[in-house]
Every structure is written in C-alpha cells, then in structure tokens.
Amino acid sequence: MSNFNRRDFLTGAAAVAAGMTAGLVGARRVEAGDPGFMNNVPDPLVSGKDLPTFKFALDKSEGKVIGNSYGKEATVEQLPISKGIAGVSMKIEPGAMRELHWHATAAEWAYVDKGRVRTTVFGPGGYAETNAFEPGDVWYFPRGHGHMLECLGDEPCHFVLIFDNGYFSEFGTFSITDWIGHTPKPLLAKNFGVPESTFDGFPKKEVYFARGELPPQKPSAPLGGWKLPPLTHKYQLLANPPRVNNKGGRLWLVDSHSFPISKTITGAILALDPGALRELHWHPTADEWQYVLEGKVSVTMFGSGGRYRTETLEKGDVGYIPQGYGHSLENIGDKPCRVLIGFNSGVYEEIDLSEWMAMNPPDVLATNFAKPAALFEKFPRKDVFIADKDGH
C-alpha cells in the first residue's frame with residue numbers, strides 16, 4: 001500500500017469509527033455501521049485489557065417527558081459500546097402522537113409491548129400505509145421514510161424502537177414542526193400556494209409529542225388518497241409459531257425472509273423458563289441489542305485473550321454484544337423472563353457452541369482439549385440452543 005493510499009485508509013477508518021455517516025477508502029464508499037469494514041478497525045473501547053460494560057438501565061434514565069408520554073434512548077452517548085445499534089423505550093398517552101418525522105441516518109424497527117399503536121409511513125413514489133398494531137406486533141420503516149406513531153384507544157401504549165445505527169440520535173431526528181417552525185413564511189406560502197397568514201400560530205419549535213383528541217377507530221383517508229406500497233411495514237411476530245420451542249424456552253424471530261421490507265434489522269423475542277440458558281454462541285454478521293421486557297437475566301460476554309464479563313439485566317435494562325463476540329443469556333430469576341433482541345442485519349445467523357463441537361470428530365476434540373476421545377461421546381450430538389435449568 002502506498003503512503004498516499006494508506007493515509008486515505010486510516011483517515012476513512014477513523015471517520016467511520018468516530019460515527020460519521022460515510023467515509024472514503026480508496027475508491028470505495030463506506031457506510032456507517034458496515035460491520036464488514038468496522039471489524040477491520042480496532043476499537044479502543046473493546047480492545048483494552050478489560051471488556052467495558054455492556055449494560056445500560058434504559059427505563060430508569062431521564063429521557064424526554066412531555067405530559068404522560070416519554071421517550072428514553074440508548075445510543076453511544078449513554079452506552080458507548082453500542083456503536084451499531086441504538087434503541088428507544090417509548091410510552092405514548094391516549095390522544096397523543098409522536099409527530100410526523102423521519103430518521104436520516106437509521107432505519108426503525110419496533111416491537112409493541114403494551115396497548116395499541118397506529119402508524120402512517122410515507123416513502124418514495126408517493127406510497128403510504130396506515131396500520132394498527134397490538135402487543136406482539138412489529139413494524140419496520142426504511143431509513144429516511146416519513147412516519148408518525150399514535151396511541152390508539154383510551155389506554156397508554158408502550159413500544160421499543162431499534163435503530164440500525166448507534167449514532168443516529170446524535171445526527172438528529174427531523175421533525176415536521178421543527179422544519180416548518182424555522183422556515184420563513186414567504187417560503188412556506190410559495191411552497192404550498194397559500195397565504196402567509198395560514199402559518200400564523202404554528203409551533204415555533206419541535207413539538208415531539210403532539211397532544212389532541214382520541215383518534216378515530218377507523219383511520220381517515222389521506223388528503224391525497226390511498227396509494228399502498230408493494231411491501232407491508234407490519235408483521236405479527238407473536239401470532240406466528242416460535243422458531244425454537246425447547247423444554248427450557250422459546251424463540252420467536254423475524255428477518256427479511258418472512259418480513260421482506262426489513263432489510264437491515266432482525267428482531268426476536270427470547271422467552272426463558274427459570275434457570276434456563278440460551279447457550280454460548282456468537283453472531284458472525286451482526287451486533288446484538290437486548291432489552292429485558294420482564295424477568296432477570298445474566299448475560300456473559302467473551303472477548304478473546306481471556307477477557308470475560310458478566311452483567312445482570314433486569315426489566316427495562318439494555319445489553320449489547322458486538323458482532324462476533326461469544327455470549328450467553330441465563331434466566332436467574334424465579335419467574336419466566338422475556339428479552340427483546342435486535343440484530344443489525346436483515347438475515348439472521350448464529351453459531352452455537354454445542355453444534356460446533358458436535359460437528360467435529362471425537363479424535364479432533366480429544367487432541368484439542370488433551371482429553372480422552374470417549375469423554376466427548378457424552379456431549380450433545382446436535383444443537384442445544386436453549387437448555388433448561390437441569391442442562392437438558
């Protein structure tokens with residue numbers, strides 16, 4: 001590599017590591033959050049002698065509160081290890097909505113935990129879709145698509161948002177009130193073909209949570225009429241059978257194979273019985289973001305070179321495992337637990353330790369561990385995935 005090219009490489013690598021949306025490496029354009037490139041850039045945070053914390057008490061944080069609605073976020077600012085994924089815990093009161101907005105630097109995936117939510121999303125080509133969501137449902141909005149989130153009914157709703165960029169909030173969310181409120185009235189009047197006085201009394205700053213009357217049970221027709229997109233933004237995750245159903249727990253999972261529009265995020269619900277274990281494993285193509293919906297979970301992370309860290313996550317806490325790092329999740333409470341898990345890849349892949357060992361001959365394992373080959377005849381012959389409290 002010439003000095004000139006090496007200098008360009010290091011400059012581009014540093015830019016991406018610092019969270020810029022794009023850099024140039026030679027003639028190649030590198031997008032933020034590109035794990036294939038990011039893993040070639042040593043991250044000082046995880047390459048030190050000890051592994052850093054990978055836990056953040058999201059629901060105990062202050063967040064943004066307006067009335068009885070709130071949004072609490074976990075980005076690299078709150079959880080520095082979480083460079084590839086950010087998340088938000090959001091509650092919206094009846095009659096309120098998260099105003100019309102878009103995210104310039106991240107796609108949005110969401111899981112509805114409580115209550116009912118109505119969304120309208122608008123994308124290129126004039127396509128728009130309005131959907132109602134109940135607990136167990138998920139949505140996905142591609143990067144840059146305009147949308148709103150509205151509490152539907154007379155009970156509050158709570159949902160968890162996952163973004164495929166840990167830096168997204170630092171770049172800002174673009175809200176319609178903020179934009180119109182800071183645009184000169186003559187420009188607005190010319191844009192819409194209405195008198196300047198039309199905009200008298202409009203908000204002068206971002207509203208964020210707009211509050212009004214309860215929305216109609218049936219969505220009203222758009223001003224411009226209906227034009228549905230070719231791919232739906234809604235998927236009923238918990239209405240489908242679990243992908244894994246073991247004695248100790250279950251896993252519901254949705255990626256782009258069953259939800260085609262979700263090209264950059266895979267989501268899952270992991271349910272573990274008391275004492276059950278999601279076995280030691282890693283993900284070769286994605287980071288893992290965890291939010292505890294209920295229960296108490298012990299999460300371990302292995303970072304090579306003898307580095308190992310364990311964190312205890314309780315309801316409302318967030319955990320984060322970088323791509324390729326070994327980890328496990330164990331229910332250490334006396335009640336069932338549920339964990340929402342997000343991956344910044346539209347295709348789910350995992351490698352489980354039990355299956356890896358099962359795919360090697362006993363003599364190979366014997367040489368590797370300096371133990372008799374007969375010992376490994378007692379090991380599982382297939383993927384364990386979830387083990388119950390007795391290790392079965």
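Modeller: The part I would pick is strand S5, residues 69–74; five of its six residues are buried, so the strand is largely enclosed by the rest of the structure. The model is a predicted one.

On one side, S5 pairs with strand S4, residues 64–66, in the antiparallel sense and over three bridges. Lys64 has Gly71 of S5 as its bridge partner. The two strands form a hairpin with two residues between them. Gly67, in the turn, has a positive phi of about 65°. Lys64 also has a place over an aromatic ring: it lies over the face of Tyr208, at 4.9 Å from the ring centre. Arg98 lies over the face of Tyr208 too, at 3.7 Å from the ring centre.

S5 also pairs with strand S6, residues 86–92, again in the antiparallel sense, here over five bridges. The bridge partner of Tyr70 in S6 is Lys91.

These pairings belong to an open sheet of seven strands, in the order S4-S5-S6-S13-S8-S11-S16, with antiparallel pairing. S4 and strand S16 (234–236) stand at the edges; each has a single partner strand, so one side of each is left without a neighbour in the sheet. From one strand to the next, the twist averages 15°.

Further along that order come strand S8 (residues 108–114) and strand S11 (residues 137–141), which run antiparallel and are joined by four bridges. Trp109 stands opposite Tyr140 in S11.

Trp109 leads on to the packing. The largest nonpolar core has 54 residues, and those that touch the most other members are Trp109, Tyr111, Val138, Leu237, Trp289, Tyr291 and Leu340. Another core, of 22 residues, lies apart from it, with Ala86, Ile92, Ala106 and Phe141 among its members. Neighbours within four places in sequence aside, Leu340 is in contact with Trp109, Tyr111, Val160, Ile162, Ala268, Ile269, Trp289, Gln290, Tyr291 and Leu293.

Phe141, listed in the 22-residue core, also belongs to an aromatic cluster that it forms with Phe133, Trp139 and Phe159. In the chain, the count of aromatic pairs comes to 15. One of them joins Phe133 and Trp139 edge-to-face, 5.1 Å centre to centre and with 65° between the planes. Phe133 is buried, with a relative accessible area of 0%, and Trp139 is likewise buried, at 0%.

Glu150 has its place in strand S12, residues 146–151. Its relative accessible area is 11%, under the 20% limit, so Glu150 counts as buried. The C-alpha atoms of Glu150 and Met97 are separated by 4.1 Å, although the two residues are 53 residues apart along the chain. Beyond its neighbours within four places in sequence, Glu150 is in contact with Ala96, Met97, Arg116, Val117, Arg118 and Pro215.

Asp317 is found in the loop between strand S23 (308–314) and strand S24 (318–321). With 5% relative accessibility, Asp317 counts as buried. Leaving aside neighbours within four places in sequence, its contacts are Lys55, Phe56, Ala57, Leu58, Gln290, Tyr291, Val292 and Thr312.

S24, next to that loop, is part of another open sheet of seven strands, ordered S3-S24-S21-S26-S19-S18-S17, with antiparallel pairing. Its edge strands are strand S3 (55–56) and strand S17 (244–246), each of which pairs on one side only. Inside this order, strand S18 (residues 249–254) and strand S19 (residues 266–272) pair in the antiparallel sense over six bridges. Gly249 stands opposite Leu272 in S19.

For the chain as a whole, there are seven helices and 28 strands. Of its 392 residues, 46% count as buried. Among contacts with a separation of 6 or more, 74% are between residues 24 or more positions apart.

Definitions and conventions. Residues are numbered from 1 along each chain as its sequence is written. This is a predicted model: local features need pLDDT of at least 70, side-chain atom pairs count only at pLDDT 80 or more; totals for chains, interfaces and linings use all residues. Side-chain values use heavy atoms; hydrogens and water are left out. A nonpolar core is a set of buried Ala, Val, Leu, Ile, Met, Phe, Trp, Tyr and Cys residues joined through side-chain atoms within 4.5 Å. Buried means under 20% relative accessible area, exposed over 50%, partly exposed in between (1.4 Å probe, protein chains only). Contact means heavy atoms within 4.5 Å. Two strands pair if DSSP finds at least two bridges between them. Axes are lines fitted to C-alpha atoms, for helices over the stretch in contact, and angles run from 0 to 180 degrees between N-to-C directions. Rings of Phe, Tyr and Trp (its six-membered ring) pair if their centres lie within 6.5 Å; planes under 30 degrees apart count as stacked, over 60 as edge-to-face and the rest as tilted. A charge sits over a ring if NZ of Lys or CZ of Arg is within 6 Å of the ring centre and within 35 degrees of the ring normal.
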